[in-house]
Amino acid sequence: LLAGADPHFLAPSPQPHSAEQHELRDGLLDDPAHIDPKFLYDALGSSLFTAITQLPEYYPTRCEAEIFERHGQDIARHIGPVQTMIDLGAGDCAKAERMFASLRPRHYVPIDISADYLESAVRRLRLSYPDLRITPIGLDFSQALALPADIAPEQRLFFYPGSSIGNLDPDAALAMLRRIRRQCAGGGLLVGVDRVKPRQVLEPAYDDALHLTAAFNLNLLRHVNGVLGSDFDVGDWSHVALFNSERSRIEMHLQARHPVTVTWPGDARHFAAGERIHTENSYKFTPPAFTDLLRRAGFDGIEHWSDTRGWFSVFSARA
Ligand code: AVI
């Protein structure tokens, strides 16, 4: 009866209500706990990732740039004329920009979950390429791939660089490639893929001397606090990156430095010292394994190019 006078009565429900909150809650209560790597990419996380790509230890970006530089014309010949280039996970748009000279797209559609970060990159691009039509889309394309209907599928070249496909588990990677193929029948896909190599090269790329990757991983907890209303303290956790050779993937985890209880509206979870939250996988492929994945997704006309050390490959395929 006195509900109107109780300041707590109309407080938001303590149960998680958004889809993201549900997803986070389920992952945190799972055993072992996990958080989807998309939570790495708030505005600060996206900036940290851009910084990571400049680290001496993080070879993928430089290897891929070398491939585009040395084989750009060959790649463009394989693809043929490009009307619309759809950039999946565009970030700062720098990778696509490197291909503009050889691919000469008329329309560029960068898609990224971090819409603010994308907007500032697009503002810069518009100044440098006044004749290029640019349609930025802020979207979590891991969920759905809705594109403007006025772009005919055969005019679509999907650009999926940086080995981001490697951040999906095998089933999800296959599903994503199938979804892309359905969206570009008669068009194509240009995709960057990181290759299997010795642990001595792989692990420092994900655990660098400047600890930027540690900051990138830990920042996910601050992002999660904002979304879920949890009370993660970054100081309670340390960054772990290791190569799981059986599953051909780098794994990133956050490991409790001491016993920690994390709470959020409606729930709590206790973590013992040393207990981990799995935050990311980054799969590494051999060229035959990735060719096979593309074929299973329905692509053909598959060709690939590699850097001089054979650490990274770029695949072109027809849908
Ligand atoms: C975006 N993605 C391809 C990066 C990778 O290498 O898996 C993300 C990353 N995680 C740690 N460092 C970089």
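**Helix packing and ligand surroundings**

Helices α2 and α8 are roughly antiparallel to each other, since in this predicted model their axes pack at an angle of about 170° and angles over 145 degrees count as roughly antiparallel. Helix α2 spans residues 43–52, and its axis is 9 Å apart from that of α8, with α2 passing α8 in a left-handed crossing. On the α2 side, the residues that meet α8 are Leu44, Gly45, Leu48, Phe49, Ala51 and Ile52, while α8 contributes Leu212, Thr213, Ala215, Phe216, Asn219 and Arg222. Sorted by class, this contact of α2 with α8 holds 8 nonpolar, 3 polar and 1 charged residues.

Helix α8, which comprises residues 212–228, is also approached by helix α1, formed by residues 19–29. The axes of α1 and α8 come within 9 Å and cross at roughly 125°, which makes α1 oblique to α8. As α1 passes α8, the crossing is left-handed, and the contact is made by Glu20, Gln21, Leu24 and Leu28 of α1 together with Val224, Val227 and Leu228 of α8. The residues in this contact of α1 with α8 divide into 5 nonpolar, 1 polar and 1 charged.

A further packing pair is formed by helix α6, residues 170–183, and helix α9, residues 287–296, whose axes lie 9 Å apart at an angle of about 50°. At this angle α6 is oblique to α9, and the crossing of the two helices is right-handed. Here Ala173, Leu174, Leu177 and Arg178 in α6 meet Phe290, Leu293, Leu294 and Arg296 in α9, and the contact of α6 with α9 consists, by class, of 6 nonpolar and 2 charged residues, with no polar ones.

Turning to the ligand, 13 residues are found around it, of which Tyr58, Asn167, Tyr206, Glu280 and Ser282 come nearest. For Asn167, an N or O atom in the side chain is 2.8 Å from a nitrogen atom of the ligand. In the case of Glu280, the separation between an N or O atom of the side chain and a nitrogen atom of the ligand is 2.7 Å. An oxygen atom of the ligand, in turn, has a polar side-chain atom of Ser282 at 2.7 Å.

Methods: Residues numbered from 1 in each chain as written. Predicted model: local features only at pLDDT ≥ 70, side-chain atom pairs only at ≥ 80, totals over all residues. Heavy atoms only, no water. Axes fitted to C-alpha atoms, helices over the stretch in contact; angles between N-to-C directions. Helix = DSSP H or I, 4+ residues; strand = E, 2+ residues; numbered from the N terminus. Parallel < 35°, antiparallel > 145°, perpendicular 65-115°, else oblique. Left-handed = near helix turned anticlockwise from the far one by under 90°. Contact = heavy atoms within 4.5 Å. Nonpolar A, V, L, I, M, F, W, Y, C, P; charged D, E, K, R; others polar. Near = heavy atom within 4 Å. Polar contact = N/O pair within 3.5 Å; in protein donor to acceptor, adjacent residues only side chain to side chain.
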